[in-house]
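Hello,

Here is the structure I promised to pass on. Please open it and keep it beside you while you read my notes.

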Amino acid sequence: MSKDFQEQALRYHREPRPGKLEIAPTKPLANQRDLSLAYSPGVGAACQAILADPDEAARVTIRANLVAVVTNGTAVLGFGNIGPLAAKPVMEGKAVLFKKYANIDVFDLEVEENDPEELVRTVARLEPTFGGINLEDIRAPECFVVEEALRDRMNIPVFHDDQHGTAIIVAAAVTNALRVVGKSFEDLRMVCCGAGAAALACLDLLVKLGVRREHITVTDIDGVVHTGRENGMDRWKAAYARDTDARTLDEVIDGADLFLGLSAPNVLKPDMVRRMADHPVIMALANPTPEILPETAREVRPDAIIATGRSDYPNQVNNVICFPYIFRGALDVGASDINDAMKMAAVEAIADLAMDEPSELVTKAYGGAAARFGADYLIPSPFDPRLLVRIAPAVARAAMNSGIAVRPIQDFGAYRQQLIQFVYKSGLLMKPLFERARHGPRRLVYAEGEDRRVLQAVQEVVDEGLATPMLVGRPSVIEARMSELGLRLRAGQDVTIVDVDNDPRFRDYHTEYQRLMGRRGVSPDEAKATVRTNATVIASLMVRKGDADCMICGSVGKFQRHLDDVDHVIGVADGVHSLATITALILPAGTFFICDSHASMAPSVEELVEMTGMAAEQVSAFGMEPKIALVSRSNFGTQDSDASLRMREAVRRLHRERPDLEVDGEMHADAALSQEIRDAAYPDSRLQGAANLFIMPGADAGHIAYSLLKVLGGGVSVGPILIGARQPAHVVTQSITVRGLVNMSALTVAQTQAHEAAQEEAVQQA
């Protein structure tokens, strides 16, 4: 590594505090009662529960979600035998990957022990502490001995990632490479260069997938692994010894369909690649310099399919694609092992996911270009958020089918939703709205139908059954982009395209628009031009005229322009003075709502009262009880600024007109969050506990608060959610993500259902 990069890496590990891990409590420890529950005497109840039923350990302790990453430091990265202390940064790195990608807690254990039997004794004694063991960076052949012995002795999963993680990713990559070139495992002839732990595990798994053992030739530093060879042999390597007179890699490479390299730099020469079979598959996995560089191989064989272990080339074989998710599935069913069926399930899930359309995060990771299944995209990106949702359930189900699951999953639909909630932090908040949307999809028109994020979101909306999507745009552009993104959407079946250049309804639309806007200086010709060119106006008119049930706009262009168009065409509901927005923020401390963060610059008392009521209804729609604070720089009368006076009067009106709402103010933001601070300033407040809905004195304050909380709090937002419109419509922002659009789609459909139900009830009452 360069000196500059090395310095950056050291700073990363040293600052602001040493290392990459910490231990944090998951339960409150704020008072004497909390302490008595957490420790003596309350902890005794948990101890007795486990004594009566050992399975209770999974319910009252961290054990079922705790993995040990164990090493003796004898085979670390590219450094070799550097010892356990120097290996600690690597093990901490492994721990943070477990937490980041699968929400699994880890203790890293660096053990000063090179004797395999003693290492086994040490690790086996730790079984009461952990739900699983991840062996790491232990040299071969000792790693085989250690893993075998621990799997025999322990009733929790033991997984040597250097072996099996690599094998699973390689097997998935080979599976898809064969799909690309049209070859089968049974007919494959392969040469493996390297006979260490990872290489032999890869061979074992490929044999289980159908590669014939007699079609495999292995070479290592001492040459071809052949019958009768004594130098550098062990029983694991001997399983792949062949009866042959060949002694070098050069002698065995002719006609090979697959080269698997887990050995040393530049050992595969261009002439060897030239002599391989048609469409050769080359897994050159030595790091950092592979057995042959992809560009060198393609100079002699342009038809080659190539994978490496490096992130700067396509098809990176990276163990992070599998190990967190395999453990997630194993832990969630209380598996006693990670067996071949679970590994095979992971291979299939990974290979199949690569064939799906790319996610937004994958597209970003590849510089904005869609990564699509093919010779240069055989395995999913490590950034693909779907890995957890695909692999963990597949592994869990395989464990159950194998009869090694202590806690079988009863409802895989609910389990999948639980995983989605981890991947997408908004999942728990959005769950009730997704369920409502699925039970009654509506015609949802997207104004920016040509936008790539919109198209990716629409694919998810269709897959989830949330809506019947309608896209405003040019059909040729939309269809080209769907193809470019690898989407499965079919125009006329999955989606309806509203052709901006050729739609028979546009005459009716521009007539309606001119009628609405004629007294705002819009002439008939201007109305025609606007309806032909302004997608938000088109979508708004579709909703107004009943050609769509609801709409989303705003992913391209300025928020205020879209808001004005929606206001002019759809307008506000009866009795509402103006449109407003509410934005949800999902933070580690909880979920909070800010109103208004985008629309109302200086709301009047009447507008504050009505937006509070509408915002409270929206919070209730998420299944939460609104606890409302009108926040200000004044704290119960300490200031008399214009904004403070408006907030104070709004509170008076709300107390009189909406006694059903738990609302108070005007108050400081910290008083809104702390009962203690609030009691010190005004003990008679009607608000109890922490507020979750903050009514702001204006959009400036609202947007500043929202932006700070989102960045500093590490939060995820949902919104802005438009409230007060006559018909369901939402204006999103240019920064919205694909998942944000999916969330807004579910919310919009759920709102539409509620809007229709309210209209029907009003008709019946009339």
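**Around Leu516**

Setting aside residues up to four places away in sequence, Leu516 touches Arg544, His568 and Val569. Please keep in mind that this is a predicted model. Leu516 sits in helix 22, which runs over residues 506-517. The cut-off for buried is under 20%. Now look at Ile570, 54 residues from Leu516 along the chain. The C-alpha atoms of the two are separated by 9.9 Å.

**The whole protein**

The protein has 31 helices and 21 strands. Its C-alpha trace spans about 95 × 75 × 55 Å along the principal axes. A compact globule of 766 residues would have a radius of gyration near 27 Å; the protein has 31 Å, which agrees. Of the 766 residues, 53% count as buried. The accessible surface comes to about 33,800 Å², and carbon and sulfur atoms hold 51% of it.

Next, contacts. Take those with a separation of 6 or more: 71% of them join residues 24 or more positions apart.

Then charges. There are 80 positive and 103 negative ones, and their mean positions are 2 Å apart.

The largest nonpolar core has 108 residues. Which of them touch the most other members? They are Ile133 and Met283. Helix 8 (residues 161-181) gives this core its largest share, eleven residues. A second, separate core has 97 residues, including Leu466, Met517, Leu563 and Ala725.

Go back to Ile133. Leaving aside neighbours within four places in sequence, its contacts include Ala68, Val70, Met154, Phe159 and Phe327.

**Backbone details**

Two peptide bonds deserve a look.

- Asn287 to Pro288 is cis, with omega near 0 degrees. Pro288 is in the loop between strand 9 (281-284) and helix 13 (294-300).
- Gly665 to Glu666 is cis, with omega near -15 degrees. Glu666 lies in strand 18 (residues 662-667).

Two phi angles do too.

- Asn103 is not a glycine, yet its phi is positive, near 60 degrees. Asn103 is in the loop between helix 5 (83-102) and strand 2 (105-110). With a relative accessible area of 31%, Asn103 is partly exposed.
- Asp137 is not a glycine either, and has a positive phi of about 55 degrees. Asp137 is in the loop between strand 3 (132-135) and helix 7 (142-153). Its relative accessibility is 5%, so Asp137 counts as buried.

Best wishes

Definitions and conventions. Residues numbered from 1 in each chain as written. Predicted model: local features only at pLDDT ≥ 70, side-chain atom pairs only at ≥ 80, totals over all residues. Heavy atoms only, no water. Helix = DSSP H or I, 4+ residues; strand = E, 2+ residues; numbered from the N terminus. Rg over C-alpha atoms; globule rule 2.2 N^0.38 Å. Buried < 20%, exposed > 50% of the residue type's maximum accessible area, 1.4 Å probe, protein only. Contact = heavy atoms within 4.5 Å. Areas by Shrake-Rupley, 256 points an atom, 1.4 Å probe, with all protein chains shown as cover. Lys, Arg positive; Asp, Glu negative; His and termini not counted. Charge placed at Lys NZ, Arg CZ, Asp CG, Glu CD. Core = buried A, V, L, I, M, F, W, Y, C linked by side-chain atoms within 4.5 Å.
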